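Hi,

Here is the structure I said I would pass on.

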Amino acid sequence: MSARLDDFLSRTESRDAVVGIIGLGYVGLPLAVEVARSGFRALGFDVSERVVGGVLGGRSHVQDVSSEVLGAFVGEGLLSATADFSRLAECDAICICVPTPLNKIKDPDLSFVVNASEGIARTLRPGQLVILESTTFPGTTRDVVLPILEEGGLKAGEDFFVCFSPERVDPGNPVWHTRNTPKVIGGITPGCLQAGEALYGRVFDTLVPVQSAEAAELVKVYENTFRMINIALANELAQACEKLRVDVWDVIEAAATKPFGFMKFTPGPGLGGHCIPLDPHYLSWKMRTLEFRTRMIELASEINGEMPAFVVGKVSDALNDESKAVRGSDVLVLGVAYKKDIDDLRESPALDIMRLLQDKGARVSFHDPFCAAIHDDGHTPLKGLPMENQVLTGERLAAADVVVVVTDHTAVDYARVAEHARLVVDTRGVMRRHPGAARVVGLSGVATPPPAAVHALAGLAVVG
């Protein structure tokens, strides 16, 4: 064991190590909190003075971190923040938690990772550990980050240590959070992995070491590619059920009773969020550079990408059945976040649905208990921004020509929707549990209430 590795292991064991976190967003801020909870001093870095000021004032801007918890760690001196990247020299370990978006042609944009790596390289000293957390394609840590860090003459595995450990954040999940979600980690060298395990083994409940940084990178994109492809299958099933006049929810719920060999995925209005719409394309891009075509990713992306237009078609047909045109109709969208019970609008299919409806001349408004307004951020192609959240009264529901359930937030009173709305297009199957006066159109077939959950027939328990 090298003296530098031995010293790093000693500093982590004594909790004397200072851990820097670059990027204080939905990944970085929860990580900083868990680092502080583990007894290390966490120093967050962000280019936004607003974010830094909020953290220093104990005000959280991330749903999964309460201001009360954040403020307590700030008050104890275990967590701080800065926009001064020269202070990276103070850190014994540095975690990179910056965005890795796709450009317009779905190629990875690593500019944030490169900028962070260059910032670290300017102050890199012997004995430091660098862990990349940002989702990316296999080879990024070794082929992009490592050369930048080694430009000053220090060598990874001997003078400093480099790992990749993919974030596994599921915003709003009440059960699985940063600490108790098993943490995958791979190193550039065995010594790098040992350093990474020494730190993260004291921050996370469970570590899952893999043989290399590339394996750890591939784990993350494979996880979300698996989800993306199975969601695409559910979405294609919904379209097939539309042709067959069969209720897709009836089929999926019955199939999910099989106790082996089946995992339930559900259809919806399209993909959203920070992972599933993006991560598979990192792998697809990488494999194109190796002259290998990831056909399932391409097909699944095409199917999922069709869903907003499919939903708009359902709205158009439903209005037509009421002898109404889309143009001029009052359309109320329920839920604009990309998933239930969170406030995140990134890549939300609701925005695409609203845009397509506006393009057809509809008067579009929304209700979302987690979103007070939709603002013009430069890449939200809606008209009439900012668009304010509508109060969900019986009068507002009755006034709408059609109500479109896009995101099924728990806090929405769907019984009220069923009672007061005239026409509902339900993309999530939630209205099946709330029969009422409204005519409900589902993703496929006829949206009817489900049969009794369980009933007995001739002494047998029958699941319905």
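**Around strand E9**

E9, H12 and E10 make a right-handed β-α-β unit (right-handed: with the strands pointing away from the viewer, the path from the first strand over the helix to the second runs clockwise). Helices (H or I, at least four residues) and strands (E, at least two) are DSSP runs, numbered from the N terminus.

Before you go on: this is a predicted model, where local features need pLDDT of at least 70, side-chain atom pairs count only at pLDDT 80 or more, and totals for chains, interfaces and linings use all residues. Residues are numbered from 1 along each chain as its sequence is written, and side-chain values use heavy atoms, with hydrogens and water left out.

The unit belongs to an open, parallel sheet of five strands, ordered E10-E9-E13-E14-E15 (strands pair if DSSP finds at least two bridges between them). E10 (363-367) and E15 (439-441) are the edge strands with a single partner each, so one side of each has no neighbour in the sheet.

E9 (residues 330-334) runs parallel to E10, joined by five bridges. Asp330 sits opposite Arg363 of E10, and Leu334 opposite His367. Towards E13 there are four bridges, again parallel, and there Leu334 has Val405 as its bridge partner.

Five of the five E9 residues are buried, so the strand is largely enclosed by the rest of the structure (buried: under 20% relative accessible area, 1.4 Å probe, protein chains only). Asp330, Leu332 and Leu334 cover one side, Val331 and Val333 the other.

Cheers

Terms used:
Buried < 20%, exposed > 50% of the residue type's maximum accessible area, 1.4 Å probe, protein only.
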